Amino acid sequence: MNSRTRWLACAAAVMLASMWVAADDGALLRKNLSNTPDYESEFAGVEVLRFYVPAQASDGTLLTTGITYYDYTTTASVFTRTEAKPLVAAFVDGHVDGFVGQRDAFGAVSFDDGASWKKTNLSQSGTKAIKVATGGKPIKSYGDVFRMYHASAGNKVMAVWVSRYCDQGDPAYNLADGTALDPLTGLPYADIYGVKGSQGYVDYTRDYPEVGVVPYGCVWTARGTVETTADGKSAMLWRQAERLTSGVRDAHRIEISCAEHAGCAVTWQEDPQGLRPGDGEGPGEGWSGAVANQGTDVWYSWMDWANFDPMTYDGTTVVDAATVLATGGVPKVYARMSIPVRLTDNEKCAPLDDGDEPSYCHVALDSNADGVAELTLCSGETVTYTNAQGAEVTACVSSDGRVMDGQTASTRARINLQPYTTTDGDVTTTSAWVVVQYEENKALGEIDLDADGEADEIGKNNRYMSFEMRRPEVIRQGLQLNSPTVPLECVDTPLDTSCFLDWNTTAPDLLAVDDTLYDTEIARRASLVTQSPAMIAASVSRTSATPLFKQGVIKAGGPADIMMRRFVAPAPTDPAQNPYDEKNMVCDGNGDGINDPALWLFTDGSNPNYLDGLCIAPPINLSGTVATLCENADCGYQITDPDLTDDETGASLPVPKVLEWAQFPGSTSETAPADGTTLNDQSWENALDVAKGHRGFLDGDFVMILYAWSPNWKANAIGNDRYDLYVRRSFDGGVTWTTTPAALNGIDPDGDGPAPAVVANGTTTCELFRSNMLAPVCTTYGAGAPEQARNVSLLSSLQTTILDPRYSPTPASILSDTDADGVADAAAYQDDLRDASRYFIVYETGDNYLVSLGAEALPLDLYYSQAVNFGDDYTGFQHALSTLTTPTYVGATPLYAMPQFDAIESNKDLLSGEASIKATPSGMFLHATWNQWQEDLATEIITNSDAWYRRVMFLDDRENPIPTGGGTTGGGGGGKPPKKK
């Protein structure tokens with residue numbers, strides 16, 4: 001940024017600072033959770049439990065006078081409560097020296113609405129010295145925890161982490177050689193899929209000497225419950241940590257989900273050759289598990305509701321919570337998590353040689369735990385080929401036709417649990433449907449090489465699977481969400497299969513591909529969006545899931561769009577039928593939201609490359625745009641080859657800079673593109689833009705999706721452009737994308753007052769084009785009108801970018817049974833009644849300076865706002881539209897004060913990021929945690945690193961009145977220039 005531009009941006013920021021209306025109506029409440037500035041804290045997260053306990057300080061003192069909530073002046077009491085919802089935070093904290101440190105997993109609980117916290121070391125392993133056998137000198141290291149998450153349901157909390165410590169922890173697989181019965185299944189414990197083994201290691205010395213030799217990681221969990229003591233106080237009762245894996249493979253990318261009355265489930269990936277570095281240089285960037293070695297699988301373990309709580313001291317006698325609270329000590333879990341199973345099918349299965357011990361590859365498997373062994377991975381047929389290293393490889397062919405050659409790797413899985421209840425006579429059963437979405441590198445791997453020795457089929461596909469929690473479907477090939485690649489010459493006939501590249505016809509010598517296998521674009525970064533069966537049944541659209549992924553034609557960092565698929569449950573609702581089943585995906589070729597069976601191929605399971613069938617219709621393109629003005633170049637659709645390469649010479653084509661753009665959400669009055677919408681676009685139809693950070697939620701028929709987007713991927717990749725944060729909304733389950741419909745005007749979202757009624761009279765949104773970043777261009781939309789994606793950050797400098805957006809919908813009402821009729825029908829407080837028209841957004845800003853040097857953007861600040869009127873408006877900035885369109889002059893230069901989200905953390909001397917947020921039902925409170933630190937960029941030394949918590953209070957009748965709609969606050973955030981170097 002030149003000095004003049006920086007001065008203008010700073011002047012605008014100063015103007016903006018004087019015009020802010022703070023979103024937080026309550027007195028500032030911010031707490032340091034870790035309070036260890038000499039250590040490094042990461043992965044801070046927060047859960048809000050859905051019941052009340054007597055207000056209690058962290059030292060156990062009952063707050064008999066209650067918790068007083070003040071307004072932001074701290075002089076006036078708003079109200080006082082003698083009880084509070086338990087808050088549970090989790091984070092990783094400890095000394096770090098290079099790649100492996102001495103970090104531990106911590107849980108922290110608050111019984112006074114965040115005013116004080118009591119933390120517990122759950123892992124107790126960070127400083128434990130470990131040795132790993134290598135055949136030579138053993139590796140000496142520590143039991144470092146390097147990733148952590150947690151989830152809650154009812155009074156139960158489960159934390160999960162990955163640690164270098166792979167000893168103790170009573171893993172269930174240790175019982176597999178005996179006669180003990182698994183209380184989860186009633187069957188003998190069985191380690192079918194090879195969980196047990198010796199801890200391995202990976203040697204990075206040659207390529208990364210600063211990293212050295214690193215032990216493999218193991219997966220651990222810890223269970224906690226909120227209990228009441230004999231004297232009426234509350235206690236968080238943590239059990240000893242339980243180990244799930246052995247470290248025979250390197251575990252990473254853990255995910256967890258819990259569902260009330262059902263249980264909890266965990267997924268992770270295990271790499272047989274250790275964590276594989278990506279393209280980043282050194283520890284940090286590129287070491288996230290996104291790139292994996294062949295044979296990396298997604299694994300799964302679960303714990304049901306009934307077996308979650310029981311505890312023991314001696315391993316055989318069950319003790320209750322009252323006994324433990326009176327006796328003291330840390331009990332063990334009585335029932336262990338299920339022995340992990342492989343969900344994916346990436347490990348090689350080869351025929352047995354003389355003397356080999358049979359593995360799961362050589363026995364009949366019950367692939368969906370229904371008691372029937374119907375799958376054999378080595379069925380007798382084999383395939384032999386020469387791999388990229390010139391070695392001859394023989395792989396088994398499974399009984400359903402898959403070649404088990406171990407060429408693929410599954411990574412970055414996401415998991416959701418959605419509870420359901422079935423009744424059979426007098427027996428009522430509650431369980432959960434598990435939904436998993438992940439990415440997987442392509443089937444040919446490195447078998448098929450081009451003339452330069454590079455893999456012809458590069459990149460990843462996005463896959464999806466769903467099953468009942470207690471019956472995981474193992475060694476599975478998930479449904480492919482992305483469709484076949486449509487070549488440029490077939491853009492007018494995108495559903496013509498004769499246009500698709502079939503690897504079977506282009507590489508017929510590869511016996512591993514003896515059925516149709518279509519070329520695809522690169523589909524990465526799964527983001528799973530589902531809703532409960534109850535919400536599905538209450539909706540009109542019956543949309544059950546809207547999984548998102550990022551798709552592009554070149555490589556990581558290249559042009560890409562955010563794609564979405566819709567899953568629609570059949571009517572009427574049958575609790576015993578899975579609404580998230582793969583067959584419920586809508587394959588829609590014309591944007592009408594109706595499944596077209598003609599666009600499904602291989603639905604009979606005959607093609608082993610697509611056992612769940614293949615939808616050839618493109619997914620919904622949420623971020624697709626049309627470049628309307630470019631710098632010294634033509635603009636429009638298909639202005640260059642999709643791969644930006646001259647097909648005849650192989651030379652790279654020039655990439656024009658986009659100055660202005662448009663998105664066509666489906667209005668019949670629009671003329672470009674021909675079908676009136678960009679929702680059906682192939683990702684390469686605009687090969688100049690890039691999107692990331694996609695997340696969202698599904699709530700009945702309402703869908704909210706947010707993502708970061710930049711018009712110029714190439715300039716953005718070197719820090720010369722920025723990402724802004726965009727939001728799209730649908731009110732019919734993801735078919736159309738509009739403003740809030742007029743039919744919702746005046747409704748009371750919680751159904752019980754006195755929350756303000758929804759105002760749905762349209763809105764106005766603004767954009768800052770690159771042709772003139774000082775002058776916003778604003779568009780007014782009527783109620784229910786097709787709407788472009790809304791820029792809610794409106795950053796004012798190309799040096800500032802968006803990093804990690806987060807969101808939180810308001811959860812269901814918290815009701816109690818006040819008249820003892822067995823029906824929960826009343827809320828203790830008005831703010832426990834849900835306002836479905838509100839949700840929260842948090843975004844993180846970053847400094848593009850480091851991007852210009854080839855690194856990732858430096859995290860700066862965190863900003864938040866509450867969306868009202870289903871997102872037509874945002875609280876926290878009450879600027880009239882004239883503020884956006886009427887400039888203030890500095891000399892002859894016009895300046896526009898853009899609305900901006902309020903700051904969770906904006907200290908100029910601190911870096912912050914990776915916020916975790918949870919809303920309360922009415923939207924009155926926002927609870928947030930984040931990581932905060934200082935960093936010397938020259939030495940990469942981190943100081944003052946801690947996990948932080950903040951509570952934000954919104955009061956409709958105080959400083960933050962609800963906007964009236966009609967475009968008065970329809971813009972977005974606005975960003976300050978970077979200030980942290």
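Reader: To begin, where is the place of Ile 475?
Author: Ile 475 sits in the loop between E33 and strand E34 (479-480). Strands (E, at least two residues) and helices (H or I, at least four) are DSSP runs, numbered from the N terminus. This is a predicted model, in which local features need pLDDT of at least 70 and side-chain atom pairs count only at pLDDT 80 or more, whereas totals for chains, interfaces and linings use all residues. Residues are numbered from 1 along each chain as its sequence is written, and side-chain values use heavy atoms, with hydrogens and water left out.

Reader: Is Ile 475 buried or exposed?
Author: Ile 475 is buried, at a relative accessible area of 1%. Buried means under 20% relative accessible area, exposed over 50%, and partly exposed in between, with a 1.4 Å probe and protein chains only.

Reader: And what is phi of Ile 475?
Author: Phi of Ile 475 is near 45°, a positive value in a residue other than glycine. Most residues other than glycine have a negative phi, and most peptide bonds are trans. Gln 168, in the loop between E13 and E14, also has a positive phi, near 55°.

Reader: Which peptide bond is cis, then?
Author: The bond from Ala 571 to Pro 572 is cis, with omega near 0°. Pro 572 is in the loop between strand E39 (567-568) and strand E40 (600-601).

Reader: Turning to packing, which residues have the most contacts inside the largest nonpolar core?
Author: They are Met 158, Tyr 300 and Ile 475, in a core of 58 residues. Such a core is a set of buried Ala, Val, Leu, Ile, Met, Phe, Trp, Tyr and Cys residues joined through side-chain atoms within 4.5 Å. The strands that each supply at least two residues of this core include strand E13 (156-163), strand E32 (427-441) and strand E33 (460-468). Apart from it lies another core of 36 residues, among them Val 435, Tyr 580, Leu 601 and Ala 617.

Reader: How many cavities of 30 Å³ or more does the structure hold?
Author: There are nine of them. On a 1 Å grid over the protein atoms alone, a cavity is a set of points where a 1.4 Å probe fits but cannot get out; a pocket is an open set with protein on both sides within 12 Å along at least five of seven lines, and lining residues have an atom within 4 Å of a point. The largest cavity holds about 400 Å³ of space, where a volume is the space filled by probe spheres set on grid points joined across faces, edges and corners.

Reader: What lines the largest cavity?
Author: It is lined by 29 residues, and the closest to its centre are Val 403, Thr 408, Ala 443, Gln 477 and Asn 609. Strand E30 (403-404), E32 and E33 are the elements giving two or more residues to this lining. By class, the lining has ten nonpolar, ten polar and nine charged residues. Here Ala, Val, Leu, Ile, Met, Phe, Trp, Tyr, Cys and Pro count as nonpolar, Asp, Glu, Lys and Arg as charged, and the others, Gly among them, as polar.

Reader: What about the second largest pocket: which residues lie nearest its centre?
Author: Asp 456, Thr 485, Asp 519, Val 553 and Asp 643 do, from a lining of 28 residues. The second largest pocket has a volume of about 900 Å³, and its lining comprises 14 nonpolar, three polar and eleven charged residues.

Reader: Why is strand E48 largely enclosed by the rest of the structure?
Author: Strand E48 (residues 763-767) is largely enclosed because five of its five residues are buried. Thr 763, Thr 765 and Glu 767 are buried on one side, as are Thr 764 and Cys 766 on the other. E48 pairs with strand E49 (residues 777-781) in the antiparallel sense over five bridges; two strands pair if DSSP finds at least two bridges between them. Thr 763 stands opposite Tyr 781 in E49.

Reader: Finally, what is the order of strands in the open sheet that contains E61?
Author: The order is E1-E61-E60-E59, with antiparallel pairing. The edge strands, each pairing on one side only, are strand E1 (29-32) and strand E59 (911-919). Strand E60 (residues 925-936) and strand E61 (residues 941-953) pair over eleven bridges, and the bridge partner of Thr 929 in E61 is Tyr 949.
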